[in-house]
Amino acid sequence: MKAWEVVIGIETHAQLSTNAKIFSGSSTAFGAAPNVQANAVDIALPGVLPVLNKGAVECAIRFGLAVSAEIAPRSVFARKNYFYPDLPKGYQISQYELPVVLGGKLAIQLGETEKEVHLTRAHLEEDAGKSLHECLGPHFHGRSGIDLNRAGTPLLEIVTEPDMRSAAEAVAYAKALHALVRWIGICDGNMQEGSFRCDANVSVRPVGQTALGTRREIKNLNSFRFMQQAIDYEVQWQIATLEEGGTIEQATVLFDPAAGETRAMRSKEDAHDYRYFPDPDLLPLLIDRQWIAEIAAKMPELPAARRDRLVAEYGLSSYDAKILTTSLDLANYYEEAVASAGRSSTKACANWVIGDLAARLNKEDQELDQAPVSAEQLGGLVARIADGTISTNIARKVFDALWNRDGNSADEIIARQGLQQITDSGALETLIDELLAANATMVAEFRAGKEKAFNALVGQAMKATRGQANPQQVNELLRRKLG
């Protein structure tokens with residue numbers, strides 16, 4: 001049987017985090033009633049002229065810097081002509097021959113393997129409106145409606161080379177890109193609201209063949225899970241079609257999550273079908289080196305550099321550093337917690353952020369910015385574990401109290417509830433003497449070689465002190481008294 005190689009390229013539309021649209025002053029806020037955020041420019045009334053939003057250009061420059069790309073000193077906006085009901089002008093303002101960002105690369109991680117995905121370009125463009133096909137009310141049964149709120153929303157279309165060789169690589173790239181655009185603050189990444197949409201160009205070819213196979217483009221993949229499923233299905237469909245003697249026709253397809261399959265929507269257009277030409281209403285976009293330098297000076301430390309620094313300065317493992325840099329907010333939260341707890345608690349803070357905090361956020365379906373426990377509060381809690389004031393078990397009770405807003409700090413909760421760890425050796429020794437006298441059977445079992453009996457005695461001691469005894473001291477005293 002012939003062996004096949006999968007070839008995938010990704011086109012991503014990232015909605016830029018500007019308050020106004022790319023060529024008009026209309027709001028880009030999500031969730032407004034249909035057509036209330038579409039002005040004369042957006043609906044293409046005669047005589048109106050587009051005015052470029054400087055903030056959208058700054059977002060594009062930030063992205064170019066983040067992926068080590070070339071920022072074009074001169075780029076041109078073009079008209080991409082096609083006719084859809086939700087495209088009022090009959091063309092989309094985009095960039096074609098001279099995009100604002102050229103080249104670049106993004107590292108992806110698959111297990112222990114790192115790979116670089118090369119970018120072809122990233123260009124600015126406007127979004128179209130939205131066709132609504134569901135029932136819009138009793139007077140619209142069987143009809144469609146057009147909402148032009150999205151028309152003119154600023155997008156950065158990011159196009160890769162056909163570098164990926166599996167659905168897993170494509171998903172890893174999409175996740176890395178999603179994290180990056182959020183990290184540098186150019187896109188909120190909300191896939192449910194359409195802020196981050198991916199199209200996957202998929203083809204297959206016999207192993208060893210250099211020419212690319214015929215590609216089919218899977219449009220509007222709005223979740224990583226659907227991307228994995230759609231590409232896997234498409235690959236198997238293309239291979240089966242070719243092995244049965246069929247041919248692949250270039251096409252645009254949609255993924256049906258309910259059926260778990262891709263379905264052809266239309267034959268795929270080529271660039272000449274859109275009849276691109278420079279938009280006569282917009283001057284060429286000129287970007288000087290000084291402007292780029294000013295934006296570069298305001299860029300945050302990028303994820304890879306942050307990971308390396310957490311390993312070098314905080315002594316974290318690569319695994320911990322990778323998790324803590326999945327978002328800029330999480331990395332900042334961690335470092336603020338360490339600043340509160342002290343540099344001797346870098347690993348402990350990482351454990352709490354990655355473990356208890358993340359688990360609680362996941363359980364309650366909350367984002368980090370909704371967490372009731374601040375980084376300073378968590379650091380204060382870790383500090384009390386480090387100095388022996390409380391045990392880890394008691395700390396979890398304190399964490400719960402902080403989460404439920406039953407106190408402003410770990411110190412306040414510990415003092416009010418009397419949770420300080422018992423470290424007085426005399427008091428602990430008296431308690432253990434009484435414990436051994438009351439549990440002669442367990443003592444005999446331990447001395448007969450049953451280690452579980454020892455653990456049971458430790459449990460009895462911790463229960464008797466409501467978890468406030470120092471576990472290490474309890475272990476040491478029991479071992480000594482049991483001989």
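**Close-up views of a predicted model**

Just after helix H8, Asp 365 adopts a positive phi of about 55°. The structure shown in these views is a predicted model.

View 1. Helix H8 covers residues 346-363, and its 18 residues reach 25 Å from the first C-alpha to the last, which is close to the 26 Å expected at 1.5 Å a residue.

**View 2. Arginine side chains over aromatic rings.** Arg 343 lies over the face of Tyr 314, at 4.2 Å from the ring centre.

View 3. The structure holds nine aromatic pairs, and one of them is formed by Phe 23 and Phe 77, whose ring centres are 5.6 Å apart and whose planes stand at 85°, so the pair is edge-to-face. Phe 23 belongs to the loop between strand E1 (4-15) and helix H1 (54-66), while Phe 77 belongs to the loop between strand E3 (74-75) and strand E4 (78-81), so the pair ties together parts that are 54 residues apart in sequence. Phe 23 is buried, with a relative accessible area of 4%, and Phe 77 likewise counts as buried, at 1% relative accessibility.

View 4. Tyr 82 is buried, with a relative accessible area of 17%, whereas Tyr 84 is partly exposed, with a relative accessible area of 38%. Together with Tyr 96, Tyr 274 and Tyr 276, these two residues form one aromatic cluster.

View 5. A search of the whole structure finds 28 salt bridges, among them the one between Lys 105 and Glu 116, in which the closest N and O atoms are 3.7 Å apart. Lys 105 lies in strand E7 (residues 105-110) and Glu 116 in strand E8 (residues 113-126), so the pair ties together parts that are eleven residues apart in sequence. Lys 105 counts as partly exposed at 38% relative accessibility, and Glu 116 is partly exposed with a relative accessible area of 37%. In another salt bridge, the closest N and O atoms of Lys 219 and Asp 199 are 3.1 Å apart, and both residues are buried.

View 6. Glu 335 forms a salt bridge with Arg 306, the closest N and O atoms being 2.8 Å apart. The pair links distant parts of the chain, with Glu 335 in helix H7 and Arg 306 in helix H5, 29 residues apart. Glu 335 is buried, with a relative accessible area of 15%, and Arg 306 counts as buried at 6% relative accessibility. Salt bridges that share partners join Glu 335 and Arg 306 with Glu 301, Arg 309, Glu 313 and Arg 343 into one network.

Terms used: Residues are numbered from 1 along each chain as its sequence is written. This is a predicted model: local features need pLDDT of at least 70, side-chain atom pairs count only at pLDDT 80 or more; totals for chains, interfaces and linings use all residues. Side-chain values use heavy atoms; hydrogens and water are left out. Rings of Phe, Tyr and Trp (its six-membered ring) pair if their centres lie within 6.5 Å; planes under 30 degrees apart count as stacked, over 60 as edge-to-face and the rest as tilted. Helices (H or I, at least four residues) and strands (E, at least two) are DSSP runs, numbered from the N terminus. Buried means under 20% relative accessible area, exposed over 50%, partly exposed in between (1.4 Å probe, protein chains only). A charge sits over a ring if NZ of Lys or CZ of Arg is within 6 Å of the ring centre and within 35 degrees of the ring normal. The expected span of a helix is 1.5 Å times one less than its number of residues. A salt bridge is a side-chain nitrogen of Lys or Arg within 4 Å of a carboxyl oxygen of Asp or Glu.
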